[in-house]
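I put down each thing I looked up in turn.

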Amino acid sequence: MARIKLMAPIANAVGKIFGGSDMWLVERYGTQFTGCRTNPRDYKKHPQSEAEKAGTLRLTAATKAYNELIKGSVEWQALEQEYLAQRDYPDGKKSLRGYFISKHMRSGF
């Protein structure tokens, strides 16, 4: 989990402020984020739509495809070169995995 720097009165923490907390503060890639859990979704009353199911399946397929890549293979090296070329752009992905999954999701596999 990412390290975070909290404002007073909490000096320093990682993840949730305490186990039962509904709020958390994190820092990822030099940007600070806050989050809170509010009214979790009741899937019995509001099931996933077809578009949400399709997105979940595409994300699952992209994750599996990334995990099946062999480090050092020709495909891996080509992916790494593409990632390094786009990394310095303002909207560039910050991790190789994120770049691969984003590319895979856009292609519609």
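**Pocket and helix packing**

I began with the lining of the largest pocket, to which α2 (74-86) and α3 each supply at least two residues. I noted beside this that the model is predicted.

I then looked up which residues lie nearest the centre of the largest pocket. They are Glu75, Leu79, Glu82, Phe100 and Lys103, out of 10 residues in the lining. Sorted by class, the lining has five nonpolar, two polar and three charged residues. I wrote down about 150 Å³ for the space in the largest pocket.

Next I turned to how α2 and α3 pack. Their axes are 10 Å apart, and the angle is about 100°. Angles of 65 to 115 degrees count as roughly perpendicular, and α2 and α3 are therefore roughly perpendicular to each other. On the α2 side, the contact is made by Trp76, Leu79, Glu80, Glu82, Tyr83 and Gln86. On the α3 side, I found Leu96, Tyr99, Phe100 and Lys103. By class, I recorded six nonpolar, one polar and three charged residues in the contact of α2 with α3.

My last entry is on helix α1 (residues 50-68) and helix α3 (residues 96-107). I asked myself at what angle α1 and α3 pack. The angle is about 130°, and the axes are 9 Å apart. α1 and α3 are therefore oblique to each other. I also noted that the crossing of α1 and α3 is right-handed. From α1, I listed Gly55, Arg58, Leu59, Ala61, Ala62, Thr63, Ala65 and Tyr66. These meet Leu96, Arg97, Phe100, Ile101, His104 and Met105 in α3. The contact of α1 with α3 has nine nonpolar, three polar and two charged residues.

Note on methods
Residues are numbered from 1 along each chain as its sequence is written. This is a predicted model: local features need pLDDT of at least 70, side-chain atom pairs count only at pLDDT 80 or more; totals for chains, interfaces and linings use all residues. Side-chain values use heavy atoms; hydrogens and water are left out. Axes are lines fitted to C-alpha atoms, for helices over the stretch in contact, and angles run from 0 to 180 degrees between N-to-C directions. Helices (H or I, at least four residues) and strands (E, at least two) are DSSP runs, numbered from the N terminus. Angles under 35 degrees count as roughly parallel, over 145 as roughly antiparallel, 65 to 115 as roughly perpendicular and the rest as oblique. A crossing is left-handed if the near helix is turned anticlockwise from the far one by less than a right angle, and right-handed if clockwise. Contact means heavy atoms within 4.5 Å. Ala, Val, Leu, Ile, Met, Phe, Trp, Tyr, Cys and Pro count as nonpolar, Asp, Glu, Lys and Arg as charged, and the others, Gly among them, as polar. On a 1 Å grid over the protein atoms alone, a cavity is a set of points where a 1.4 Å probe fits but cannot get out, and a pocket is an open set with protein on both sides within 12 Å along at least five of seven lines; lining residues have an atom within 4 Å of a point. Grid points are joined across faces, edges and corners, and a volume is the space filled by probe spheres set on the points.
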